[in-house]
Amino acid sequence: PELEINYGDSPIQDTILRTDIDDFPDQDLRRSEYVTTHTYTGYGEFVIMIDDMNRNGGVITVPNSIAQSFSVRTLLRISPVTGRNNCSAQFLNSPIQDACLNQPWVHNPAAFDPDGDSLSFEPAICLGRFGLPIPGYSYPGPSYSIDPITGTISWNAPPLVGEYNIAFIVREWRLVNGVWREVGYGMRDMQITVRPCNNQPPVIQARADTCV
């Protein structure tokens, strides 16, 4: 019903009450929304962070996951150089995704920036208690990658059934007086559930070169 948040301008955490709930019983999911307003007193760099206990148990990429927090952060820069208006990147696709066992998995978060800033993407380690990297966290495998320009995430291919957590950072870039400047970044933490799938992709065989 409530969530603790640190706005980055004080060591004191604030508590936000939940403002909306969407339930998805067929997927065993609940989406909670927390809305608040905070005023900064001046220019600066502020790391906004939430820390919510606990993650699901048995997550393959997170050791002892049920004892770990779900934590994400965003960097807000308020600067006379880049301007006073800045919105974080937003995502059109859900952070809850399914993948097929031993089949290539490709996902794009469909990120966009309301200010028109250019976006870049990079993989990140999932964060735990106090916003610190989770000890022993591992990426899903050597075939896991994220395109730094498009944000498309590829994994070829999930070898084990179960739940996985991945995270990535989206940086915002703004052209100021002919120079690209980073105006902030946001972080997304995702859950991928790998299951056996009966629906297999078609196998396309090459045909003999024929002239008619």
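**Exercise 1.** Which residue's side chain meets that of R171 in a salt bridge?

*Solution.* The model examined here is predicted. In this model, the side chain of R171 forms a salt bridge with that of E182, at 2.8 Å from N to O. Next, locate the partners: R171 belongs to strand β13 and E182 to strand β14 (residues 179-195), and the pair, 11 residues apart, links distant parts of the chain. Finally, salt bridges with shared partners join E45, R77, E122, R171 and E182 into one network.

**Exercise 2.** Determine whether R171 is buried or exposed.

*Solution.* The cut-off for buried is under 20% relative accessible area. R171 has 18% relative accessibility and therefore counts as buried.

**Exercise 3.** Describe the salt bridge between D115 and R174.

*Solution.* The two side chains meet at 3.9 Å, N to O. D115 lies in the loop between β9 (111-112) and β10 (118-124), while R174 lies in strand β13 (residues 162-176), so the pair ties together parts 59 residues apart in sequence. As to accessibility, D115 is partly exposed at 33%, and R174 is buried at 16%.

**Exercise 4.** State which side chain makes a polar contact with that of S69.

*Solution.* S69 lies in strand β5 (residues 69-78). The side chain of S69 makes a polar contact with that of D51, at 2.6 Å. With 0% relative accessibility, S69 counts as buried.

Notes: Residues numbered from 1 in each chain as written. Predicted model: local features only at pLDDT ≥ 70, side-chain atom pairs only at ≥ 80, totals over all residues. Heavy atoms only, no water. Helix = DSSP H or I, 4+ residues; strand = E, 2+ residues; numbered from the N terminus. Buried < 20%, exposed > 50% of the residue type's maximum accessible area, 1.4 Å probe, protein only. Polar contact = N/O pair within 3.5 Å; in protein donor to acceptor, adjacent residues only side chain to side chain. Salt bridge = Lys/Arg side-chain N within 4 Å of Asp/Glu carboxyl O.
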